[in-house]
Amino acid sequence: MSRVSDFQRRMPEASRDLRRPIGLWQRLHIDLPLLLGLLALTVFGLIVLYSASGEDIHYVQRQSVFMVLAYGVMFTTAQFRTHTMEFWSPWIYGFGIILLILVLVMGVGAKGAQRWLSLGVIRFQPSEVLKLGMPLVLSAYLSHRILPPGFKHVFFTLLLIGIPALLIMKQPDLGTSILIAASGLFVLFFAGLRWTYIMSAVGIVVASAWPIWMFVLHGYQKQRILTMLNPEADKLGAGWNIIQSKTAIGSGGLYGKGWLNGTQSQLDFLPESHTDFIIAVLAEEFGLAGVLLLLALYTWIIGCGLRIAMSAQNTFGRLLAGSITFTFFVYVFVNIGMVSGLLPVVGVPLPLVSHGGTSIVTLMMGFGILMAISTERRRVGFG
């Protein structure tokens with residue numbers, strides 16, 4: 001009865017939408033405000049990357065190639081209907097789990113971590129598949145359940161979150177594990193998770209803090225937390241990165257030292273200046289004004305994502321768009337937090353600014369999903 005009444009309620013609005021002329025961007029499945037924000041951010045990112053890489057044009061060229069590929073992937077993904085994404089979501093999730101198991105069995109190691117699979121000429125991180133596979137499968141699962149979800153569905157959802165999170169922690173890659181788990185938890189939150197469950201989860205996390213510290217975290221992960229609390233305790237060792245990063249950020253002042261004139265980055269005092277710590281280069285050379293510009297671009301993109309989530313045509317689209325948008329926010333928050341010394345260093349790059357390949361393509365595929373949700377016209381019926 002409720003479905004019939006919902007259909008009757010939507011009929012007039014759907015009819016008006018079908019009579020409305022289709023614009024060029026709608027036909028191309030492009031959300032113009034979101035596209036403009038992404039273009040501005042990526043161009044700004046290339047400018048900063050050129051300086052952060054020591055004026056090495058090779059990094060900029062390589063990043064530009066990945067950007068072109070990523071935009072192509074975004075436009076292609078935007079052409080898919082949401083019901084097609086929903087249909088394939090369990091297969092994508094299952095494929096990602098299989099790849100994570102293969103990483104533990106035959107993965108390629110580097111710097112003490114085994115996170116990659118080699119395909120001969122290239123290697124990639126299978127965890128990137130779950131960055132989208134996780135919110136896709138959970139959105140599909142919960143969109144067909146009565147919301148807010150009951151205990152049985154919450155438990156099954158947490159099980160789907162926990163399996164890949166634990167597999168990624170085994171690599172070990174705590175940062176990516178937390179981000180992928182967060183993308184799933186956001187779906188659960190937007191599905192209307194009851195506050196009793198949320199408060200119970202907070203209590204469990206607090207109670208398990210000591211056992212996690214003693215029996216779960218690796219030595220280097222503990223060191224990162226201790227370094228965050230007191231980087232001066234080992235100025236020339238573990239605390240070096242944070243100290244140099246904070247020095248670069250503070251020395252930029254209001255308007256910065258000028259493009260290509262940052263001493264911390266140009267003289268190689270700042271580690272990983274073209275990847276994880278690139279915002280410190282931006283702050284030193286463009287000052288507070290440059291950081292505020294970057295934050296404004298991120299805020300614009302996140303605002304577009306929330307608008308898309310609020311106007312989505314179905315529950316699947318709303319849950320998926322909300323999770324992708326908030327996960328993107330977490331990426332930004334974690335990177336800025338760790339570079340400024342407010343969070344432990346967990347190796348999370350600054351989205352669409354740091355030098356990278358696979359992560360950029362994955363992010364832009366997520367924005368392609370947002371565009372598909374945004375431009376999908378309302379149809380008469382229950383779909």
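Me: Why is Lys-131 called buried?

Reply: Buried means under 20% relative accessible area, exposed over 50%, and partly exposed in between, with a 1.4 Å probe and protein chains only. Lys-131 has 15% relative accessibility, so the residue counts as buried. Bear in mind that this is a predicted model, where local features need pLDDT of at least 70, side-chain atom pairs count only at pLDDT 80 or more, and totals for chains, interfaces and linings use all residues. Side-chain values use heavy atoms, with hydrogens and water left out, and residues are numbered from 1 along each chain as its sequence is written.

Me: What makes Lys-131 and Glu-128 a salt bridge?

Reply: The term calls for a side-chain nitrogen of Lys or Arg within 4 Å of a carboxyl oxygen of Asp or Glu. Here the closest N and O atoms are 2.9 Å apart, so the pair qualifies. Both residues lie in helix H6 (residues 127–143), three residues apart, about one turn of the helix. Glu-128, at 8% relative accessibility, is buried too.

Me: Is Glu-284 buried or exposed?

Reply: Buried, because its relative accessibility is 0%. Glu-284 forms a salt bridge with Lys-257, with the closest N and O atoms 3.0 Å apart.

How values were computed
Helices (H or I, at least four residues) and strands (E, at least two) are DSSP runs, numbered from the N terminus.
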